[in-house]
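The sequence and structure come next.

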Amino acid sequence: MAANLTSPRTLRELLARHNIRLKKKLGQNFLVDENVLAKIVAVVDPKKEDRILEVGPGVGTLTLPLARRCHSLLTVEIDPRLIPVLEETLAGRDNITLVKGDILKTDVSALCRKEFSGKPVKIAANLPYYLTTPFMFKILPSTLPLVSLTLLVQREAARRMVARPGSKDYGSLSLLTEFYSRASLVFPVPPTVFFPRPEVDSALVFLKPRKKPAVQVSRTDLLFRVIKASFQQRRKTLANSLGDMLQGGKPQAREIIAAAGLPPLTRGEDLSLEQFAIITELIYNISENDA
Ligand code: SAM
């Protein structure tokens, strides 16, 4: 019978037997709560035809219940010490492909195309804190045929993903998430359900990618450059932030802000995605006219 990986005792014994001390810098806080695990699996809602990509399987706690219900599962783990552990805990399942590597350095679209023959992909992960933002910036704009993303993240990151203009959590991650998907914070998760316990709270977020982005712009890279510049220093006015990236400096930024129908002292944190799109198109048109 398969080991109960949500049992802290089993987990400790398994790690000790493989001589592994968990690494904080890799966010190695493993789930040890059967109920939370079941709730996460219910949100992923694996169907027998589903292809699932799991990031960071750890010892396979989430991997196994997902793989039991789906067609095939591909999982990418950075820590080479966990590979023999996974080979042991996932033994006997022939629908799991285990890849050793850094998800940030992996060509995820190519890998999924190869493993899943271009079929739609669901993503599930209990993500380390350091990975959340770079992973989102990598995956959401990618060409992966994404069905959904179910992500356990630090609560602060979850709040940033679903934040609205004017709130303190609002920023580039909120705008990226909104541009590509509809996101919801599903439930909070306390530190007590992990081994070892992290110092922070977590939350489960569910993202459903949009069929087409929430706003239309001529150049997506320019939109995100404008967004990045606007949040680089939160207390700066938009005129100052945009002035730094425009050839015409702050006077040109002021003209663009006026042309967008916004007050002169507007800050990035007040702008909706639609307003960022308007600003981006105005900047794009200037660069086209200058060309
Ligand atoms: N899925 C397991 C669970 O829920 O118990 C483990 C989750 S643990 C929070 C994060 C896992 O991601 C660890 O196994 C860690 O080694 C792995 N990891 C960290 N950085 C990674 C990266 N860049 N690419 C792939 N895996 C990574």
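## Ligand contacts

In this predicted model, a nitrogen atom of the ligand lies 3.3 Å from a polar backbone atom of isoleucine 78. Leucine 31 contributes a polar backbone atom, 2.9 Å from a ligand oxygen atom. The ligand taken alone exposes 600 Å², and the protein buries 99% of that area.

In total, 23 residues surround the ligand. The closest are Gly56, Glu77, Asp102, Asn126 and Tyr130.

## Helix pair α6 and α8

Two packed helices are described by the angle between their axes and the distance between the axes. For helix α6 (residues 132–139) and helix α8 (residues 172–180), the axes come within 10 Å and cross at roughly 30 degrees. The crossing of α6 past α8 is left-handed.

On the α6 side, the contact is made by Thr133, Met136 and Phe137; on the α8 side, by Ser172, Leu173, Leu176 and Thr177. By class, this contact has 4 nonpolar and 3 polar residues, and no charged ones.

## Backbone geometry in loops

The peptide bond from phenylalanine 195 to proline 196 is cis, with omega near -15 degrees. Proline 196 sits in the loop between β8 (194–195) and β9 (202–209).

Asparagine 19 lies in another loop, between α1 (8–17) and β1 (30–31). Phi of asparagine 19 is near 60 degrees, a positive value in a residue other than glycine.

Key: Residues numbered from 1 in each chain as written. Predicted model: local features only at pLDDT ≥ 70, side-chain atom pairs only at ≥ 80, totals over all residues. Heavy atoms only, no water. Axes fitted to C-alpha atoms, helices over the stretch in contact; angles between N-to-C directions. Helix = DSSP H or I, 4+ residues; strand = E, 2+ residues; numbered from the N terminus. Left-handed = near helix turned anticlockwise from the far one by under 90°. Contact = heavy atoms within 4.5 Å. Nonpolar A, V, L, I, M, F, W, Y, C, P; charged D, E, K, R; others polar. Near = heavy atom within 4 Å. Polar contact = N/O pair within 3.5 Å; in protein donor to acceptor, adjacent residues only side chain to side chain. Areas by Shrake-Rupley, 256 points an atom, 1.4 Å probe, with all protein chains shown as cover.
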